[in-house]
Each structure stands twice: as structure tokens, then as C-alpha cells.
Amino acid sequence: MEVSDASSRHRLAVRMAELARQIAAPRTLDQVLADVTSAAVELIPRADVAGVLLIRRGGEFESLADTDGLAARLDRLQHEFGEGPCAQAALGETIVRTDDLRDEPRWPRYAPAAVELGVLGGLSFKLYTADRTAGALNLFSFKAGAWDTEAETIGTVFAAHAAAAILAARRGEQLQSAVSTRDRIGQAKGIIMERYGVDDVRAFELLRMLSQESQAKLVDIAQRVIDSRGTET
């Protein structure tokens, strides 16, 4: 399939619009990223496998939306060897491209291992997510010389969609955490008000003072109050 013809460009535009709607819809991160990687394989010529790699704080690797299980195996090899295109893109360069892993000096341990799995070409795109998480959208080909500038352009757009989905999911998690924190503090205030006959302002001030004295987070003090319900303080 040549992406330069009108029909292919129309398919690309339609899929991008679908992905944009899916990111805004109430769907899980795994579902959205699976759509991104499957669309990448569908629309980028000679892209046989796709996946998303996230590197958490502390160096933990998480493989997501692998189209056939191979991307996760390649991620594990990179974690084991401490080298490879996916990690390099996630942590540093914007695009990491290799046209023939049989002649790739950058990753002397990873490249031969990937070739043994039948992978000859790789194209990785950095995902701009958050300070605590590095990420990359990774494409693999069973052919050498698979990539061109059009593949890089389309892949960059897909990477932007993947990053948007990850950020949206993180905002949702942060909102849920904020609501949970507010509810726990409110519950603790109610317990203190009932137990000691004070108003909500005094109850909150007591929580704040306990937080400062113990050098613990306010929400942790609130949880202790909740856990102590039914006992004497």
C-alpha cells in the first residue's frame, strides 16, 4: 500500500479522527493504545509489529498494546541488555531508526538477539508523557530497509495520539486520587467533630496540627483517624 495515493491518505485521516474521538471517550488506556498500535501496523507500510514501552521511575519496564507479543519480548531483551532503540527513544532521542539490525553497531547485544527473532528493522518514537514516566511507540519490521520519511511522519502522529492517551489517563488518575483524598479528609473531620464536639474548622485545624507534628501527609493523618474509629484516641 502506498500512503501517497488519495485513498490511503483518506484512510489515514479517518483513522486519526477515530483515534482522537476514542481518546476523549471513557475508555481504558489499554484500549486506546491497542487501537493506536493496530492502526500503526495497518497504515504504515512494512510495519509488522507495534507496541508501547513505558519506563517508570526506577527503571521498571512496562510493555503495552503489543500487537502480537513480539514487542514485549524485544522490550525484555532491551531491559536485560541495557541497550536498544525503544529505551533510547523513550529516554532520549525523538526518533530512533534502524534500517538493518544485521549491521547495527549501536546495540551490539540487542541487535543480534532481535535478528534471531526475525526482526530486521525498527522505528521508535519518543512519547512526551510526564516527568515520572518515559515512553516510546515502537514499530518493527521483518524486512530490511523498510522505513522512509512517510513512515516517520505517520509514526510521529501516532506517537502524539499515544502520548495524549497516556496523559489523559494520568489526569483521570490524579482526579480520582484528589477526590479520594478530599473524601478521606472530610470523613476524618466528621469523626473528630462527633468525638470531640468541635466544628469543622477546629476539626480541620486539629488534623493540620497533627500532620505538622508528625511530619506526615494530611491525608495519612486522616486515614489514621478513620482507622481509629471505635477506639479511644
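## Exercises on a predicted model

Tyr 196, Leu 206 and Leu 210 make up a nonpolar surface patch that has about 240 Å² of accessible area together. A patch joins residues with over 30% relative accessible area and no salt bridge, nonpolar side chains (Val, Leu, Ile, Met, Phe, Trp, Tyr) within 5 Å and like charges within 9 Å. A salt bridge here is a side-chain nitrogen of Lys or Arg within 4 Å of a carboxyl oxygen of Asp or Glu. Areas come from the Shrake-Rupley method with a 1.4 Å probe, and for residues only the protein chains shown count as cover.

The model is predicted: local features need pLDDT of at least 70, side-chain atom pairs count only at pLDDT 80 or more, and totals for chains, interfaces and linings use all residues. Residues are numbered from 1 along each chain as its sequence is written, and side-chain values use heavy atoms, leaving out hydrogens and water.

**Exercise 1.** Find where Leu 210 lies and how exposed Leu 210 is.

*Step 1.* Look at residues 200-214: this is helix α7, and Leu 210 lies in it. Helices (H or I, at least four residues) and strands (E, at least two) are DSSP runs, numbered from the N terminus.

*Step 2.* The relative accessible area of Leu 210 is 33%, so Leu 210 is partly exposed. The scale runs from buried (under 20%) through partly exposed to exposed (over 50%), with a 1.4 Å probe and protein chains only.

**Exercise 2.** Describe the aromatic pair found in the whole structure.

*Step 1.* The search finds one aromatic pair. Its members are Trp 107 and Tyr 110, with ring centres 6.3 Å apart and planes at 80 degrees, so the pair is edge-to-face.

*Step 2.* Check the cut-offs: rings of Phe, Tyr and Trp (its six-membered ring) pair with centres within 6.5 Å; planes under 30 degrees apart are stacked, over 60 edge-to-face, and the rest tilted.

*Step 3.* Both Trp 107 and Tyr 110 are buried.

**Exercise 3.** Work out the surroundings of Gly 122.

*Step 1.* Gly 122 sits in strand β4 (residues 121-130).

*Step 2.* Gly 122 has a relative accessible area of 3%, so this residue is buried.

*Step 3.* Beyond neighbours within four places in sequence, Gly 122 has contacts (heavy atoms within 4.5 Å) with Val 96, Arg 97, Thr 98, Leu 139, Phe 140 and Trp 147.

*Step 4.* Take Leu 139: 17 residues separate Leu 139 from Gly 122 in sequence, and their C-alpha atoms are 5.7 Å apart.
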